[in-house]
Amino acid sequence: MALDLDPASWHPNPISGRRVVLRRHRLEQFPAVLRWYRDAEVARLTRFQVGPVSDDEVRHFFQARLLAADAFAYAIHLADNDRLIGTTTLSALDPENGSVLFHITVGEHDCWGHGYGTEATELMVGHALDTLGLHRVGLSVFEFNTRAIRSYEKVGFRVEGRTREAVWRDGSFWDEIHMGLLASEWHQRHLHVDRAAARYGER
Ligand SMILES: CC(C)(COP(=O)(O)OP(=O)(O)OC[C@H]1O[C@@H](n2cnc3c(N)ncnc32)[C@H](O)[C@@H]1OP(=O)(O)O)[C@@H](O)C(=O)NCCC(=O)NCCS
């Protein structure tokens, strides 16, 4: 499969939702990203290695994966007041096979459990499958991260497999769960949602 797309459309800016807005990262956001990266609970939920990281390592990650012109990365802002709350990226873009991997970190703890991350995930999946025209979005998540798994299921991701006992955390081994969402499932789901919205709107 080839991506038949004008590169100018690869990075629409912003991507607006109801409660969150995705914008390209800016240089002055580095301190916030550094703080999230160093946050022990964020590390516990998202990384295999939870040891200390240097400023330089995070700066390299920030510049190469979030700020670079060709990075599929967006800062997550609240729509109400533009507060910066996290970051979300697509990686391992494989145009030939139409697939990409999804990642998200809402870094601000007080913004967990309010649906912001779930809406940002929907916007990024819509970008990958509707705008970029890809065929599938994959992700991986630790078994104990039940909020993330529930959030991904709400967007339409399905469990495809697991790497058993891949991560040692809090005194136990846990599986790394692999989830995926196909374009056909996404479009089917949104057709239903649109029809339901139309029906509801007619009343
Ligand atoms: C994972 C994340 C993206 C989810 O986004 P979110 O907006 O916080 O999620 P939601 O508020 O939509 O909650 C998702 C579901 O989890 C449930 N949930 C909320 N807090 C929970 C908790 N502490 N434990 C278990 N489930 C929880 C919610 O009730 C909701 O399910 P429901 O709608 O059926 O009730 C976000 O919390 C986050 O970035 N967390 C920190 C980093 C992280 O874990 N990243 C993912 C790595 S794979």
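This is a predicted model: local features need pLDDT of at least 70, side-chain atom pairs count only at pLDDT 80 or more; totals for chains, interfaces and linings use all residues.
Residue numbers start from 1 along each chain as its sequence is written.

**View 1. Helices H4 and H5 cross obliquely.** Helix H4 spans residues 116–131 and helix H5 residues 146–155; their axes come within 9 Å and cross at roughly 45 degrees. That angle makes H4 oblique to H5. Angles under 35 degrees count as roughly parallel, over 145 as roughly antiparallel, 65 to 115 as roughly perpendicular and the rest as oblique. Axes are lines fitted to C-alpha atoms, for helices over the stretch in contact, with angles running from 0 to 180 degrees between N-to-C directions. Helices (H or I, at least four residues) and strands (E, at least two) are DSSP runs numbered from the N terminus. A crossing is right-handed if the near helix is turned clockwise from the far one by less than a right angle, and left-handed if anticlockwise. On the H4 side the meeting residues are Gly117, Thr118, Thr121, Glu122 and Val125, and on the H5 side Ser151, Tyr152, Lys154 and Val155. By class, this contact of H4 with H5 has 3 nonpolar, 4 polar and 2 charged residues. Ala, Val, Leu, Ile, Met, Phe, Trp, Tyr, Cys and Pro count as nonpolar, Asp, Glu, Lys and Arg as charged, and the others, Gly among them, as polar. Two residues are in contact if their C-beta atoms, placed from the backbone, lie within 7 Å.

**View 2. Helices H1 and H3 meet in a right-handed crossing.** The axes of H1 (residues 30–38) and H3 (residues 55–67) come within 10 Å and cross at roughly 120 degrees. H1 contributes Phe30, Val33, Leu34 and Tyr37 to the contact, and H3 contributes Asp55, Val58, Arg59, Phe62 and Leu66. The contact of H1 with H3 divides into 7 nonpolar, no polar and 2 charged residues.

**View 3. The largest nonpolar core has 39 residues.** A nonpolar core is a set of buried Ala, Val, Leu, Ile, Met, Phe, Trp, Tyr and Cys residues joined through C-beta atoms within 7 Å. A residue is buried if 20 or more other C-beta atoms lie within 10 Å of its own, exposed if 12 or fewer, and partly exposed in between, with C-beta atoms placed from the backbone. Ile76, Phe102, Ala120, Val125, Ala128 and Val137 touch the most other members. The largest share of this core, 7 residues, comes from H4. In soluble globular proteins, nonpolar side chains tend to be buried together. Beyond its neighbours within four places in sequence, Ala128 is in contact with Leu90, Val100, Leu134 and Val137.

**View 4. Phe102 is a buried residue of strand E5.** The strand covers residues 99–106. Phe102 has 24 other C-beta atoms within 10 Å. Setting aside neighbours within four places in sequence, Phe102 contacts Leu90, Met124, Val125, Val137 and Leu139. Its C-alpha atom is separated by 9.5 Å from that of Gly180, 78 residues apart along the chain.

**View 5. Val20 is a buried residue of strand E2.** Strand E2 comprises residues 20–23, and Val20 has 29 other C-beta atoms within 10 Å. Apart from neighbours within four places in sequence, Val20 is in contact with Ile76, His77, Leu78, Ala79, Tyr116, Glu119 and Ala120. Val20 and Thr118 are 98 residues apart in sequence and 9.9 Å apart in space, C-alpha to C-alpha.

**View 6. Helix H2 holds Glu41 and Leu45.** Glu41 counts as exposed, with 9 C-beta neighbours inside 10 Å, whereas Leu45 counts as partly exposed, with 18. Leaving aside neighbours within four places in sequence, Leu45 is in contact with Phe142 and Asn145. Glu41 and Gly107, 66 residues apart in sequence, are 9.6 Å apart in space, C-alpha to C-alpha.
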